Amino acid sequence: MKKKWIIGGIVGVVLLGGAFGVSAMTGDSSFSEKDVSISQKEAEKIATEEVGELTIQEVDKDFEDNVEVYEIEGKEAEVEVDANTGEVLKVEREGEDDEMKPENVEVSKEQAEKIAKEQVNAELVKVELEGEGYYEIEMKDGQKEYDLKIDATTGEVLEKKEDKDDD
């Protein structure tokens, strides 16, 4: 008889713990508009301006890396907008796969090379258009190696690293 009570107690604890775990995992991860600087309407406008034409189907309020974001899903693209700054954090156009489409590239390879040479006085080693929407550029000047990332849409230098050449 004692075994049945012990087994029943253990099963009850496991079920109760599981219920708490599920509620914690599926807890409300959204935020209130009164807690952020940008309203949903403003975020929708920002997203539409970023994409050009956006038929909005759904808007979620979520946290990503401890930042409140509006995830705006449309027929043409999905756009993430920072709910406090209004900054566009991410744009994923409909039909995009891992490869950057040539029609989405505003900055040519030659323009990216010129931007890189303005940043670093070194020889170009490699220029590659990455699917995430940037050029990855490697340069060398004898003792140093440089890695740059240049936005394929805006030409902005996203990253610039300098290392000693190990060759």
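This report describes the confidence, helix packing, strand pairing and salt bridges of a predicted model.

## Basis and confidence

Residues are numbered from 1 along each chain as its sequence is written, and side-chain values use heavy atoms, with hydrogens and water left out. Because the model is predicted, local features need pLDDT of at least 70 and side-chain atom pairs count only at pLDDT 80 or more, whereas totals for chains, interfaces and linings use all residues.

The mean pLDDT (the predictor's confidence in each residue, from 0 to 100) of the protein chain is 80, and 74% of its residues reach 70 or more. Over residues 19-27 the pLDDT is below 50, and this stretch has 0 contacts (heavy atoms within 4.5 Å) beyond near neighbours in sequence.

Helices (H or I, at least four residues) and strands (E, at least two) are DSSP runs, numbered from the N terminus. In helix α3 (residues 109-119), the buried residues are A112, I115 and A116; buried means under 20% relative accessible area, exposed over 50%, and partly exposed in between (1.4 Å probe, protein chains only). These three cover an arc of only 100 degrees around the axis, which puts them on the same side of α3; the arc is that of the directions from the helix axis to the C-beta atoms. They pack against β6 (134-140), β7 (144-151) and β8 (157-164). E110, K114 and E118 are exposed on the other side of the helix.

E44 belongs to helix α2 (residues 40-51). Leaving aside neighbours within four places in sequence, E44 is in contact with I56, V59 and I72.

Strands pair if DSSP finds at least two bridges between them. β6 and β7 pair in the antiparallel sense over 7 bridges, with Y134 partnered by D151 in β7. Their hairpin has 3 residues between the strands, and G142 in the turn has a positive phi of about 105 degrees.

β7 and β8 also pair in the antiparallel sense over 7 bridges, and Y146 stands opposite E162 in β8. This hairpin has 5 residues between the strands, where G155 takes a positive phi near 85 degrees.

## Salt bridges

A salt bridge is a side-chain nitrogen of Lys or Arg within 4 Å of a carboxyl oxygen of Asp or Glu; the count comes to 8. E33 forms one with K61, the closest N and O atoms being 3.8 Å apart. E33 lies in the loop between α1 (2-25) and α2 and K61 in strand β1 (residues 56-64), so the pair ties together parts that are 28 residues apart in sequence.
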